[in-house]
Amino acid sequence: MYGFTDMDLGHIVGKYRQLNEPSTVNAQGVAYQQTPLSKTRLQIEFEKLSNAFVPNLQAREAFSADNKHRNRNLSTICYDDNRVKLSTLNGSPYINATKVKGYELDNELIITQDPMENTVFEFIKMIAVFVCRLIVCLNKEFELEKQSVYWPNELDPVRIYEADDQRFVLTYVSSAQSGEAHWVRTEFEIAEHKHSITNKFNVVHLMYNEYWPENGAPKSRKSLFDLVVLASKEAADMEHTRLVVHAHGGGSNCALFACLFVLYEQFRTDQRVDVCRTVKKLKSQRPHMIETCEQSELCYKFLLELVA
């Protein structure tokens with residue numbers, strides 16, 4: 001259906017130009033006469049990706065009576081096969097979080113919703129158990145509910161989360177922001193205290209400081225691209241870590257960031273990229289991944305920026 005869709009970056013300009021030409025066939029491959037209102041090849045490509053794929057995966061845990069109230073949105077849930085599974089001790093074993101395959105390492109990304117009052121302990125537990133040294137938050141701080149602002153800061157340097165005999169202490173280390181204030185970087189230590197044993201490591205938290213409506217595109221395209229590159233550089237400096245990205249219900253905004261991150265890893269590693277297969281893979285792993293043609297087009301615009 002898609003053929004060979006990977007390409008080296010030397011062909012990205014020509015590819016993008018072709019995608020913006022009127023298509024001579026519809027999403028079903030049937031030829032039709034072009035008109036001024038004909039859809040572009042990019043629109044047809046997005047329709048194929050959206051219409052041809054229907055996941056056949058179970059989400060029993062997400063919809064169970066014990067867990068339904070732990071989802072912000074019941075249309076954006078995690079499938080049983082690739083959800084993050086926590087231990088049954090100390091808090092709930094369920095969290096609305098999906099392990100997403102990256103470019104080189106399986107499960108190097110975790111897409112999740114903003115933590116809620118009844119899930120913030122499980123969120124912190126996930127960070128500690130899966131040694132997630134890098135977190136990307138795609139909401140401004142003032143847009144978040146009080147319980148969603150889980151990380152410490154200079155004015156509130158220690159946060160404690162506990163359940164039964166497990167206790168997590170988050171301690172502020174440092175913070176900085178970009179010159180244009182597009183993002184805020186906070187570093188904190190997370191220490192797990194359990195049965196008189198303490199495990200700890202540092203976490204880098206990147207908060208995107210631009211308005212970004214759910215299922216839309218951010219106001220500043222360049223600021224998002226810069227954040228992706230920054231996150232990739234932060235991850236490259238860390239050994240054996242997973243990147244956690246969260247926003248709202250963990251839907252298409254997270255998916256767009258994850259897609260750009262994986263495409264950048266492809267570019268950085270092999271100088272070749274594959275937008276179609278990257279989007280398709282994401283859509284197979286969690287609902288509401290890349291919801292609009294505008295978001296799909298942003299993937300190509302990101303690549304154009306890399307070769308500019």
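Visitor: Is C132 buried or exposed?
Guide: This is a predicted model, so take the values as computed from it. The relative accessibility of C132 comes out at 0%. Anything under 20% counts as buried, so C132 is buried.

Visitor: How many disulfides does a search of the whole structure find?
Guide: A pair of cysteine sulfurs has to sit within 2.5 Å to count. For C132, the closest cysteine sulfur belongs to C254 and is 14 Å away, too far for a bond. Search the whole structure and the tally of disulfides is 0.

Visitor: And C276, is that buried or exposed?
Guide: Its relative accessible area is 6%. With the cut-off for burial at under 20%, C276 is buried.

Visitor: Which residues of α7 does α2 meet?
Guide: On the α2 side, the residues involved are E45, L49 and S50. Two of these, E45 and L49, are also listed among the buried residues of α2. Across from them in α7 sit C276, V279, K280 and K283.

Visitor: Are α2 and α7 roughly parallel or roughly antiparallel?
Guide: The two axes come within 10 Å and cross at roughly 30°. Angles under 35 degrees fall in the parallel class. The crossing is right-handed, by the way. So α2 and α7 are roughly parallel.

Visitor: What else do the buried residues of α2 pack against?
Guide: The buried set in α2 is L42, I44, E45, F46 and L49. Besides α7, these residues pack against α1 (12-19) and α8.

Visitor: How far apart in space are T278 and G102?
Guide: In sequence, 176 residues separate them. Going C-alpha to C-alpha through space, the gap is 9.3 Å.

Visitor: How far does α5 reach from its first C-alpha to its last?
Guide: The helix covers residues 221-236, which is 16 residues. At 1.5 Å a residue you'd expect 22 Å, and the model comes close to that. The actual reach is 23 Å.

Visitor: Which helices do the buried residues of α5 pack against?
Guide: That buried set includes L224, F225, L227 and V228. Among the partners are strands, including β5 (134-137) and β10 (243-246). The helices are α6 (252-270) and α8 (293-307).

Definitions and conventions:
Residues are numbered from 1 along each chain as its sequence is written. This is a predicted model: local features need pLDDT of at least 70, side-chain atom pairs count only at pLDDT 80 or more; totals for chains, interfaces and linings use all residues. Side-chain values use heavy atoms; hydrogens and water are left out. Buried means under 20% relative accessible area, exposed over 50%, partly exposed in between (1.4 Å probe, protein chains only). Helices (H or I, at least four residues) and strands (E, at least two) are DSSP runs, numbered from the N terminus. The expected span of a helix is 1.5 Å times one less than its number of residues. Contact means heavy atoms within 4.5 Å. Axes are lines fitted to C-alpha atoms, for helices over the stretch in contact, and angles run from 0 to 180 degrees between N-to-C directions. Angles under 35 degrees count as roughly parallel, over 145 as roughly antiparallel, 65 to 115 as roughly perpendicular and the rest as oblique. A crossing is left-handed if the near helix is turned anticlockwise from the far one by less than a right angle, and right-handed if clockwise.
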